[in-house]
Amino acid sequence: MYRMLHERYPYAHCELDFDTPLQLLVATVLSAQTTDVTVNKVTPTLFARWPTARDLAAADRTEMEEVLRPTGFYRAKTNSVLKLASAIVEEHDGEVPPRLADLVKLPGVGRKTANVVLGNAFGIPGITVDTHFGRLARRMGWTDEEDPVKVEHAVGALIPRKEWTMLSHVVIFHGRRTCHARRPACGACPVARICPAYGAGETDPDKAAKLLKYELAPGAAQ
């Protein structure tokens, strides 16, 4: 199934814009309860104003809140960024650590966020179990687990470690574009014939095609 999904999304990638591990870490924290598109609109201003962890840690709270306002829950997110940046400065001399054990000790950073950073900023394979990944892993019969950490370990045992980061991208792309939570486009799915959840959504090919999102949608710009 992974190979078939990879063929559908050979270009799958992290949809958060970043140039450094710090930028990706902060962007991932900001992406909670909002879209990557929204985060990508505010991070250029955020990092132009405060480019380093030390700059972020010393930022004026009110000013940062205004920058982060479009992401929603901006007061809480400002607090998270300030605490995170301070911890990076105090515990890691201003540099994002490239180890899972160190990342998950940072305030507001769990395994999902840590694996995003490890896989995309440091090239260290990791499985990112967000809501899309967990949903699809269960729908496709890879695991029955609900706990994200257990999902991560169960799926990791099925797929070679070197593929973990790309696996995460491919599955998340599929969840966002085709295998939606409420109405999956089963009739337009590349793994429909071997998916145990086939029939949970629209099976008519033409009707299913109308449910596709982003670049797979009929008439979408290529």
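Student: What makes Cys189 count as buried?

Tutor: Buried means under 20% relative accessible area, exposed means over 50%, and partly exposed is in between, with a 1.4 Å probe and protein chains only. Cys189 comes out at 18% relative accessibility, so it counts as buried. Keep in mind that this is a predicted model, where local features need pLDDT of at least 70, side-chain atom pairs count only at pLDDT 80 or more, and totals for chains, interfaces and linings use all residues. Residues are numbered from 1 along each chain as its sequence is written, and side-chain values use heavy atoms, with hydrogens and water left out.

Student: And why is Cys14 called buried?

Tutor: Its relative accessibility is 16%, so Cys14 counts as buried.

Student: What makes the space by Cys189 and Cys195 a cavity?

Tutor: On a 1 Å grid over the protein atoms alone, a cavity is a set of points where a 1.4 Å probe fits but cannot get out; a pocket is an open set with protein on both sides within 12 Å along at least five of seven lines, and lining residues have an atom within 4 Å of a point. The largest cavity has 14 lining residues, and nearest its centre are Cys179, Pro184, Cys186, Cys189 and Cys195. Its volume is about 110 Å³, volume being the space filled by probe spheres set on the points, with grid points joined across faces, edges and corners.

Student: Which residues lie closest to the centre of the largest pocket?

Tutor: That pocket has a volume of about 620 Å³. Of its 26 lining residues, Ser31, Asp36, Asp130, Ile172 and Arg176 are the closest to the centre.

Student: Why is Lys213 called partly exposed?

Tutor: Lys213 has 43% relative accessibility, so partly exposed is the label it gets.

Student: What does Lys213 touch?

Tutor: Contact means heavy atoms within 4.5 Å. Not counting residues up to four places away in sequence, Lys213 touches Arg176, Arg177 and His180. Lys213 and His180 are 33 residues apart in sequence, yet their C-alpha atoms are 9.3 Å apart in space.
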